[in-house]
Amino acid sequence: MQKTVFLFLLAVSILSCNRPFGAIDGLDYEIPDDESTTEERQLINEIKADIIQTSVSFGIKLDLDKLPIIVTSRQDIVTSEGNTGFNGLCFWDQNKKGKAILLNKAPFRYDLYKAESLKKAELAPQTFHTLLHEIGHCYFGREHESQILQRDGKQITIHQTNESYNLPFVTTSVMDNTAGSMIPYSLKKYYVAEIIGYFRASSLDEVAHFINAEMTDRPE
Ligand SMILES: [Zn+2]
């Protein structure tokens, strides 16, 4: 079965963002208490270990233990871009050094409920995407960006256990804050490599090559 996966699900309007820690613009936030359940903490630990392990395979060691990952149900925190209702948030200090990553409870409900079907479809949980994005802000000081890689008439075709996926375009980085909630696990290796500064593709072909996928003709 052939299926086209669009990486942008624009209907998902919740952004992952960042804000300075402490008082700014009349707003003052403390790092909220952690509200994670056992299942949520387990999922975070699995995803964190996965990101660390993937980085090690590129010879880069991430010390994420100094960066607390807090789960919160608070919706009132305003990001530096003026938004509320975040999926993820990086609190940083005056030197733009990450103090803590906040993850909203909402995506967990989806990820935990969908865990089995996500595995079957080999899609990375939204929590993976959000956590990697926030590591970009909090650990690497990265900003948002928006760049799509595509090539006329071509697409990446990924063969997986039960089906193939066609990707007519991908975002260069998970720092694209308009990106949707799902990325195929086969792209995980690329997005981790990009965030940690190991490899950044400048074309769709380079992404395909990096993940050992083939480029095929896109149907008209
Ligand atoms: Zn962000």
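Student: How many other C-beta atoms lie within 10 Å of arginine 41?

Tutor: Arginine 41 has 13 of them, so it is partly exposed. Buried takes 20 or more other C-beta atoms within 10 Å, exposed 12 or fewer, and partly exposed lies in between, with C-beta atoms placed from the backbone. This is a predicted model, where local features need pLDDT of at least 70, side-chain atom pairs count only at pLDDT 80 or more, and totals for chains, interfaces and linings use all residues. Residues are numbered from 1 along each chain as its sequence is written.

Student: Where does arginine 41 sit?

Tutor: In helix H1, residues 38-57. Helices (H or I, at least four residues) and strands (E, at least two) are DSSP runs, numbered from the N terminus. The C-alpha atom of arginine 41 is 9.3 Å from that of isoleucine 69, which is 28 residues away along the chain.

Student: How many helices and strands in the protein chain?

Tutor: Six helices and 14 strands. Of the 220 residues in the protein chain, 33% are buried.

Student: At what angle does H4 pack with H5?

Tutor: About 10°, with the axes 10 Å apart; H5 is residues 188-195. That makes the two helices roughly parallel. From H4, Leu132, Ile135 and Gly136 make the contact, and from H5, Tyr191, Val192 and Ile195. Contact means C-beta atoms, placed from the backbone, within 7 Å. Axes are lines fitted to C-alpha atoms over the stretch in contact, and angles run from 0 to 180 degrees between N-to-C directions.

Student: And how do H1 and H5 cross?

Tutor: At roughly 75°, with their axes coming within 10 Å. H1 and H5 are therefore roughly perpendicular. Under 35 degrees counts as roughly parallel, over 145 as roughly antiparallel, 65 to 115 as roughly perpendicular, and the rest as oblique. Ile51, Thr54 and Ser55 of H1 meet Lys188, Lys189 and Val192 of H5.

Student: Which residues touch the most other members of the largest nonpolar core?

Tutor: Leu132, Ile156, Tyr191, Val192 and Ile195, in a core of 39 residues. Such a core is a set of buried Ala, Val, Leu, Ile, Met, Phe, Trp, Tyr and Cys residues joined through C-beta atoms within 7 Å.

Student: What does isoleucine 156 touch?

Tutor: Leaving out residues up to four places away in sequence, isoleucine 156 touches Leu167, Leu204, Val207, Ala208, Ala213 and Met215.

Conventions: Two residues are in contact if their C-beta atoms, placed from the backbone, lie within 7 Å.
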